[in-house]
Structure formats: structure tokens, C-alpha cells
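Thanks for sending this one over; I have put my reading of it into a short note. Please keep the model open beside the text as you go.

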Amino acid sequence: MPRRIQAIIAISLGTALLVVDNAVSIVALPTIAADFGVPASASVAVVVVYQLVLLMAILPFSALGDRIGHKRLYQSGQAVFLAATLVSAFAVDLPMLLAGRAAQAFGVAAALSVSSAMLRRIYPASNLGRGFGINSVIIAFSAALAPTLGGLLLGLGVWRWVFAAAAPFAILSLVLGRSLPDSAPGTAPYDLSGAVSCALVFGAVIGGLQLLAQGGRTMMAAALTIAGMVGGWLFIRRERTRLNPTLPVDLLGRPIFALSALAALGAFTASLCFSLSLPFRLENVHGFSPPQVGLMMAAWPLAMMAAAPVAGWLSDRAPRGVLGGTGMIITAAGLCLMAITPVDAGVFRLGLPLVLGGAGFGLFVAPNAHQIVGSAPPHRTASAGAIISTTRLVGSALGATILAGLFWLGLGEGPAPSLAAAACVIAAAVCSFANLLFARNPKHGKRQIDHAPL
């Protein structure tokens, strides 16, 4: 038990590292642009490069973790992140800062790609849902804390402190990571060409979508996205012939796994589309001041924090498809309620939809992650866990693209973002409930065992 507690803390700190490092950097963008003398549009690359490299590297790193061992890759990733943090904090110009952010993303991707696989080895099979619930609480708490922390650091010092904020998380995670469970390295050769192809496909598609979301260069963005989609089709055909593919098409062929991944994609697309639109609506439509906007936006992650541990506990005892689908229905109710909220609504009337949305999201995340990881065989757990992070990042890109389109149509500050997000979470609810159709083994008529005894 003492070693298990240390391992849980190490994984929790690694999870907090990802959320805090990404969110606090957004707060510092205006200051970075002024310090380096670059336009605000150029400073956005600090976030875009980080997210793009992170998405491109997660699946290739998950396959590498199966080859060299999960603990070894996790610890190496934390060490790379820590070294890259120094590069970012002492950058003398924007290109050096972008190089440091790319290296940080590589480190986070290495650690994140195997974190779910190690959760499965840390917790007993009967308590795995509780582990994902705790992980969801860490994500929600970090999301609520990060903007405040970033603002405080900017107020007390220079922007360089913002990039150093995640360093303590990395140091503690690296030290406590010695307690993480070891996994035997694989014997199959690493598919380097498959890893490179996977990174290029995701980079082209998501890079194109991010260009569309930022506006301008529409033809380049469309060409890049189409090229990535064509390359993705060819890549999937190649991966279907592999025994342990970098892109887990073998796992996506399992209905429960595929439906859970689609549900996660819909949920995270909705979350980002709505959350990005919320400051514009609260400030420009309802007349809230920036500090009031920050306090109102904290209602969603705080409600998620309250619901996540309950959801994790229930996912060890109740059908996960029911829990996830119910959570998405509650979130859809909150989003629809926000869509019809009048302009003169008070704090309570605006806060209630946010609390409902956050609570429903908290009820969804842990059971859905449990479903994804639990439906994969033990030797493919790293790839299954990487899909969770991949759907989160792809959903973020899709959500930003949808919101950009709504702003282009002049609908970004009204009820349209809430309704678009509601449509996505309803689709996620359908996918979650559809899992009940596959929860029984058609051959034996019994519930499938989601994970082997550890």
C-alpha cells in the first residue's frame, strides 16, 4: 500500500502537469507578445505548437512504451519536460521559446501516453474506476486552479515564472515515479515508419483545422486537412495489416472500444466549443467584468470535481454505458438551459447551467475512460490509454474549429455555441448507451470481463 500511494501521487502530479502547463501559458500570451515585440497572432503559436506536437507524439510514444517499458518511458518523459522547461523559461526570443515548448510537449506526450496503462497496474481491478475518478478530480482541480495561478505569477513577476510553474510537479512526479510499477519490455520491433506516418497524418489534419480556427489562409488550411485525411486513409489500410499497430485499429474494431472513443470525442468537442465561447457571452452579452467571468467559469470544473469521484466509485459497480450516457444527458440539459437564458439573467440563473454541465461531464469522464482502458487486452493498455488523450486533443481542435465557424457566421456570442455543444453531447450519450448492446458476450450470454485480474 505505501508504494501504491506514492505511485498514485506520481501519476496525479503528471496529470496536473499537463493541464497546468497548457492553461497558464494561455494567460501569459499578451505579455509574451509585448516582451518579444511580436504581434499577438504570432504569440498564439506558443500554444498551438505545444498542442500540435503533443497530439502528433502520443500514439507513437504509446507504442514505444509497449516496446521499452511503461515506467521507463514515463520517467524519461518527465525528465525531458523538466529540461525543456528551463529552455522555455530562459528563452531570449520567440523561436527559442517555441523550441522549448515543442520539447515540453514531447516530454508530456511520453508520460501521458502510458499513464492510463500504469493506472491499470496500480489499482486492483475492482477499484480501477476509482482510480480514473481520482484522475478526473485532478484534471478538474488543475483546470480551475491554472488561470488563477497564471494571473498570480504574472502579477508577482515576469512571464518566465509561468513556464517554471509546472516544474515542481515534474520534479515530484519524477522522484515519486520510482514507485511506479515496472512492466516487461516487449519483444516486437518498434515500427518507426508507422510512428512517423501517424505523426504526419495527425499533424496535417489538426494543423489544418487549427489554421481554419484562426481564420485566414483558408485554402492552405483546406489543402492541409484534405491531404491529411487522404494520408490517414492510406495509413489505416497499412495499419490493418500490422500485429501491434501504432494507430490501434485493432482496438477500434471492438464495438465497445470504438463507441466509447466516439463518445469521448463528442464530449470533448462540446466542452471546448462551449468553454471558449463562454467568456465572450458573459462579458459582451451579459455585461460581466473579467474577474466575474473568471469566477463564473470556475463553476463547471468545480461541479466536475464534485461528481468525478462518485462516478469513479460507481463505475466499479454499475454499467459504465449507463453512467456515461446519463452524464451526457445532464450536460445536454445544462447546455440547452444556457441557450435559453435571457440577457438580463442573474448569477444564479447563469450558474445553474454551468453546474449541471460540469456535474454531468464529471459523471461521464471516469466511466468512459474505464470503459476504454478496460475493454482492451492488458498488452494493449498503453495504446488504449493514448486514445483517451488523443480524443481529448482532437476534440479540442474540432471544438475550436466549430466555434470559429460560428463566429464567422456572426453566431459566436449567442445561443448557437451552447446548442452546437448540446448536439455533440447528445451524440456522445447515444454512443454511451449503445455500449449496453455489446455488454454481453453473444457467445456465452454473460457480461464480458473488462480486464484480467492484475
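1. Ground rules. This is a predicted model, in which local features need pLDDT of at least 70, side-chain atom pairs count only at pLDDT 80 or more, and totals for chains, interfaces and linings use all residues. Residues are numbered from 1 along each chain as its sequence is written, and side-chain values use heavy atoms, with hydrogens and water left out.

2. H1 against H5. Two packed helices are described by the angle between their axes and the distance between the axes. Helix H1 (residues 2-27) packs on helix H5 (residues 70-89) at an angle of about 40°, and the axes are 12 Å apart. That angle makes H1 oblique to H5. As for the terms, helices are DSSP runs of H or I with at least four residues, numbered from the N terminus. Axes are lines fitted to C-alpha atoms over the stretch in contact, with angles from 0 to 180 degrees between N-to-C directions. Under 35 degrees counts as roughly parallel, over 145 as roughly antiparallel, 65 to 115 as roughly perpendicular, and the rest as oblique.

3. Who touches whom there. From H1 come Ala10, Ile11, Gly14, Leu17 and Asp21, and they meet Tyr74, Gln78 and Phe81 of H5; contact means heavy atoms within 4.5 Å. These residues divide into 5 nonpolar, 2 polar and 1 charged. Here Ala, Val, Leu, Ile, Met, Phe, Trp, Tyr, Cys and Pro count as nonpolar, Asp, Glu, Lys and Arg as charged, and the others, Gly among them, as polar. The crossing of H1 and H5 is left-handed, a label used if the near helix is turned anticlockwise from the far one by less than a right angle.

4. H1 against H6. H1 also packs on helix H6 (residues 94-122), at an angle of about 145° and with the axes 10 Å apart. The crossing of H1 and H6 is left-handed. On the H1 side the contact includes Arg4, Ile11, Leu17 and Asp21, and on the H6 side Arg101, Val108, Leu112 and Ile122 are among the residues involved. The contact of H1 with H6 divides into 10 nonpolar, 4 polar and 3 charged residues.

5. H13 against H17. What angle do the axes of H13 and H17 make? They cross at roughly 155° and come within 10 Å, and H13 and H17 are therefore roughly antiparallel to each other. H13 passes H17 in a left-handed crossing. Among the residues that meet are Ser260, Phe268 and Phe274 in H13 and Leu354, Phe361 and Phe364 in H17. The residues of this contact divide into 15 nonpolar, 4 polar and no charged.

6. Aromatic rings. The structure holds 6 aromatic pairs. In one of them, the rings of Phe274 and Trp300 have centres 5.6 Å apart and planes at 35°, so the pair is tilted. The rule is that rings of Phe, Tyr and Trp (its six-membered ring) pair if their centres lie within 6.5 Å, with planes under 30 degrees apart stacked, over 60 edge-to-face and the rest tilted. Phe274 sits in helix H13 (residues 255-285) and Trp300 in helix H15 (residues 299-315), so the pair ties together parts that are 26 residues apart in sequence. Phe274 is buried at 4% relative accessible area, and Trp300 is buried at 13%; buried means under 20%, exposed over 50% and partly exposed in between, with a 1.4 Å probe and protein chains only.

7. Phe268, Phe274, Trp300, Phe361 and Phe364 form one aromatic cluster. Within helix H17 (residues 347-374), Phe361 and Phe364 are 3 residues apart, about one turn of the helix, and both are buried.

8. Serine 260. Ser260 lies in H13 and is buried at 1% relative accessibility. Ser260 and Ile372 are 112 residues apart in sequence, yet their C-alpha atoms are 6.1 Å apart. Not counting residues up to four places away in sequence, Ser260 touches Asn368, Gln371, Ile372 and Asn435.

9. Methionine 338. Met338 belongs to helix H16 (residues 320-339), and at 1% relative accessibility it counts as buried. Leaving aside neighbours within four places in sequence, its contacts include Phe274, Leu278, Leu350 and Ser418.

Methods: Helices (H or I, at least four residues) and strands (E, at least two) are DSSP runs, numbered from the N terminus.
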